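Subject: Structure for your files

Hello,

Here is the structure you were going to look at. My notes follow below it.

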Amino acid sequence: MDLTAADVDLRGWTPIRVAWRDGRPLVDWCHTEGVEFTDPFFGETVQRCLRHPFRLLFRHETTIEGVGRHVAEHPGLPPAGFIFHMSRCGSTLVSQMLAAMPEHLVLSEPGPVDSVLRAREMLPDLADDARCDWLRWMIGALGQGNGGQTRLFVKFDAWSATELPLVRRAFPDVPWLFLFRDPVEVLVSQSRQLGAHVIPGVLPAETFGMSPATAAGMPLVDYSARVLAHICEAALEWEDDPLATFADYADLPELVFSDLVPAWSLTPSEPDLARMADAAGRDAKNPFVAFDRSEARRRAAPSPAVEAAAEQWLRPVYERLRSARTVVGGARGH
């Protein structure tokens, strides 16, 4: 491993994680030439790569500035769209539909981007100018493409909506989507399998507008609901952004064709549309299995605690999101 990008040709290599040493971020690169990032999540592609002995054993390590030097010479694909979401609301479905077009590179919740966005947990005094640079560099390094790809899309982690001010500052011209869903359905899904962001202590409670003491003193379902509400409220701060699209899970997958294709100036061919429709008919997190929405609804039996938490913490912000829903032509409403 080395600590400079100047002495090493990093074409064909991808940042896969960020580690911290002596208070500074160090970036771990994996050789990914020939690898297609088509898995539902970036981390799954990384795991697939690391099953290969060469990719596991021979890697490079650079400073974050080394990433910047690499991107200065090899800028990568320009981002064409960003996906934000409250979690369990169809964001993986949308990213898989976008990835069905061969000219698209879709990065789904890449860990290195999350590490950059959360860098202040390690460096509280890190200036926004530096964070903007780091974010541009990292997305540029991740978005190199395979030579035939022309557009880059990034799906962020759910909690990344709290960093929308930084993302919009770094990429002011990139259109973005925020996906949401009926709060009872989201909380039922979270109660079956908790996401990292709704487990107290995994992420700082301050990220979601709470003190650690407040977070520790409430039932888990209420903590989950408050976290999700804060994510939605962070997105709603940007509801007047002309590049924003707010979309309800209930409108998927049709909304991708009716709203997102024109809003993001996508130009799918007839074969592309067929591939997107095929992706929409599969379980987004397990594309080998057909998706049965009626079965998913039958499994969504809420407990009284879930219903109470949804009504107290999430229903008001959900109704505001429904009012902010963007349709073709920029009109608001249902």
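Please keep in mind that the model is a predicted one. Asp 114 has a relative accessible area of 10%, and because the cut-off for buried is under 20%, Asp 114 counts as buried. Apart from neighbours within four places in sequence, Asp 114 is in contact with Asp 157 and Trp 159.

Two of the pairings can be given in detail. Strand 4 and strand 6 (residues 151-155) run parallel and are joined by four bridges; here Gly 81 has Phe 153 of strand 6 as its bridge partner. Strand 7 (residues 176-180) and strand 8 also run parallel, with five bridges between them. In that pair, Phe 178 stands opposite Phe 246 of strand 8.

How much of strand 8 (residues 244-248) is buried? Five of its five residues are, so far as the cut-off of under 20% relative accessible area goes. In a regular strand, side chains alternate between the two faces of the sheet. In strand 8, Ala 244, Phe 246 and Asp 248 point one way, while Thr 245 and Ala 247 point the other way, and all are buried.

Loops

The peptide bond joining Leu 252 and Pro 253 is cis, with omega about 0°.

The loop between strand 4 (79-85) and helix 4 contains Ser 87, and Arg 88 lies in the loop between strand 4 and helix 4 as well. Ser 87 has a phi near 90°, a positive value in a residue other than glycine. Arg 88, which is not a glycine either, has a positive phi of about 55°. Ser 87 is buried, with a relative accessible area of 4%.

Helices

Two packed helices are described by the angle between their axes and the distance between the axes. For helix 4 (residues 91-99) and helix 12 (residues 270-280), the axes come within 8 Å and cross at roughly 155°. That makes the two helices, helix 4 and helix 12, roughly antiparallel, because angles over 145 degrees are counted that way. The crossing of helix 4 and helix 12 is right-handed.

Which residues meet there? On the helix 4 side they are Leu 93, Gln 96 and Met 97, and on the helix 12 side Met 276, Ala 279 and Ala 280. Of the residues in this contact, five are nonpolar, one is polar and none is charged.

Helix 3 (residues 64-73) has these buried residues: Ile 64, Gly 66, Val 67, Gly 68, His 70 and Val 71. An α-helix has 3.6 residues a turn, so residues three or four places apart point the same way. The buried residues of helix 3 pack against strand 2 (24-31), strand 3 (60-63) and helix 6 (128-142).

Regards

Conventions:
Residues are numbered from 1 along each chain as its sequence is written. This is a predicted model: local features need pLDDT of at least 70, side-chain atom pairs count only at pLDDT 80 or more; totals for chains, interfaces and linings use all residues. Side-chain values use heavy atoms; hydrogens and water are left out. Axes are lines fitted to C-alpha atoms, for helices over the stretch in contact, and angles run from 0 to 180 degrees between N-to-C directions. Angles under 35 degrees count as roughly parallel, over 145 as roughly antiparallel, 65 to 115 as roughly perpendicular and the rest as oblique. A crossing is left-handed if the near helix is turned anticlockwise from the far one by less than a right angle, and right-handed if clockwise. Contact means heavy atoms within 4.5 Å. Ala, Val, Leu, Ile, Met, Phe, Trp, Tyr, Cys and Pro count as nonpolar, Asp, Glu, Lys and Arg as charged, and the others, Gly among them, as polar. Buried means under 20% relative accessible area, exposed over 50%, partly exposed in between (1.4 Å probe, protein chains only). Two strands pair if DSSP finds at least two bridges between them.
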